[in-house]
Amino acid sequence: MIRNYADHASNERTFLAWVRTTIAVVGFGVAAARLGGAAPSPWADAAMLGSGALVVALAYLRMRMIRLRIDSGAEADDAGPRADAMLAILVIAFFGLLGTFALRLSV
């Protein structure tokens, strides 16, 4: 059995939750951009896809960092790593992009 299996499984489930959220938000954003009938800007798609790739990369790095903390066995404080703050900021930016798409569609 893997040592600290429950902690490692929880860490991987959190990573997969970030990936699912990113896929949903990026997919919805790209689909919403095409609902207006006009051709969407290629930069808007690139921004959504690039932001999604950045979120997945940061989530992966966060998972690896947490894995090392779990394996170290040392006591660690509950203060979240900076990657958590960056991931939250990127998700907020996703919603900002979606809001921009929604405003563009309503005009």
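N4 sits in the segment before α1, where helices are DSSP runs (H or I) of at least four residues, numbered from the N terminus. Its phi is near 60°, a positive value in a residue other than glycine. Most residues other than glycine have a negative phi. I2 also has its place in the segment before α1 (5-34).

This is a predicted model, where local features need pLDDT of at least 70, side-chain atom pairs count only at pLDDT 80 or more, and totals for chains, interfaces and linings use all residues. Residues are numbered from 1 along each chain as its sequence is written, and side-chain values use heavy atoms, leaving out hydrogens and water.

| Residue | Relative accessible area | Class |
|---|---|---|
| I2 | 53% | exposed |
| N4 | 29% | partly exposed |

Buried residues of α2 include M48, V55, L58, A59 and R62. Just after α2, G73 takes a positive phi of about 75°.

What is L87 in contact with, leaving aside its neighbours within four places in sequence? The partners are W18, V55, L58, A59 and R62, with contact meaning heavy atoms within 4.5 Å.

Notes
Helices (H or I, at least four residues) and strands (E, at least two) are DSSP runs, numbered from the N terminus. Buried means under 20% relative accessible area, exposed over 50%, partly exposed in between (1.4 Å probe, protein chains only).
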